Amino acid sequence: MCVLDGSDGGGKAGAACEFANACAPGLFCAAPATVPGCGSSVGCCTHLCDLTAPDPDEQCTIGGGQECVPWFDPGTAPAAYANVGACALPQ
């Protein structure tokens, strides 16, 4: 989905967020359980990542065990988005 950037210079990786556009560009508001150290009950900002990068997990700069995991379930990604991942703690 496309939304206007509402981060207003904030929304860094690991920051608490409540809305889809509250994170800086290249990040998204993820469920608290997927972001190490997230102190919010709503969500925290984390990186999108490229699954085809040589070491996709290097894009996950928060640390704490985050990995670049596929955004879409296996076999459901539109061809143009097959490389899209999210930095998250593995579930």
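The exercises that follow concern the disulfides of this predicted model.

**Exercise 1.** Find how many disulfides there are, and state which pattern they follow along the chain.

*Solution.* When the bonded cysteines are counted along the chain, the pattern reads 1-3, 2-6, 4-5, 7-9, 8-10.

**Exercise 2.** Describe the disulfide of Cys17 and Cys29, and decide on its handedness.

*Solution.* We begin with the sulfur atoms of Cys17 and Cys29, which are 2.0 Å apart and form a disulfide. The torsion about their S-S bond is about 100°, so this disulfide is right-handed. Next we place the two residues: Cys17 lies in the segment before β1 (27-30), whereas Cys29 lies in strand β1, so the pair ties together parts that are twelve residues apart in sequence. Finally, buried means under 20% relative accessible area; Cys17, at 5%, therefore counts as buried, while Cys29, at 24%, counts as partly exposed.

**Exercise 3.** Carry out the analysis for Cys23 and Cys45, which a disulfide joins.

*Solution.* The S to S distance of Cys23 and Cys45 is 2.1 Å, and the torsion about their S-S bond is about -90°, so the disulfide is left-handed. This pair links distant parts of the chain, with Cys23 in the segment before β1 and Cys45 in strand β2 (residues 44-50), 22 residues apart. Cys23 has 6% relative accessibility and so counts as buried, and Cys45, with 0%, is buried.

Notes. Residues numbered from 1 in each chain as written. Predicted model: local features only at pLDDT ≥ 70, side-chain atom pairs only at ≥ 80, totals over all residues. Heavy atoms only, no water. Disulfide = S-S within 2.5 Å. Helix = DSSP H or I, 4+ residues; strand = E, 2+ residues; numbered from the N terminus. Buried < 20%, exposed > 50% of the residue type's maximum accessible area, 1.4 Å probe, protein only.
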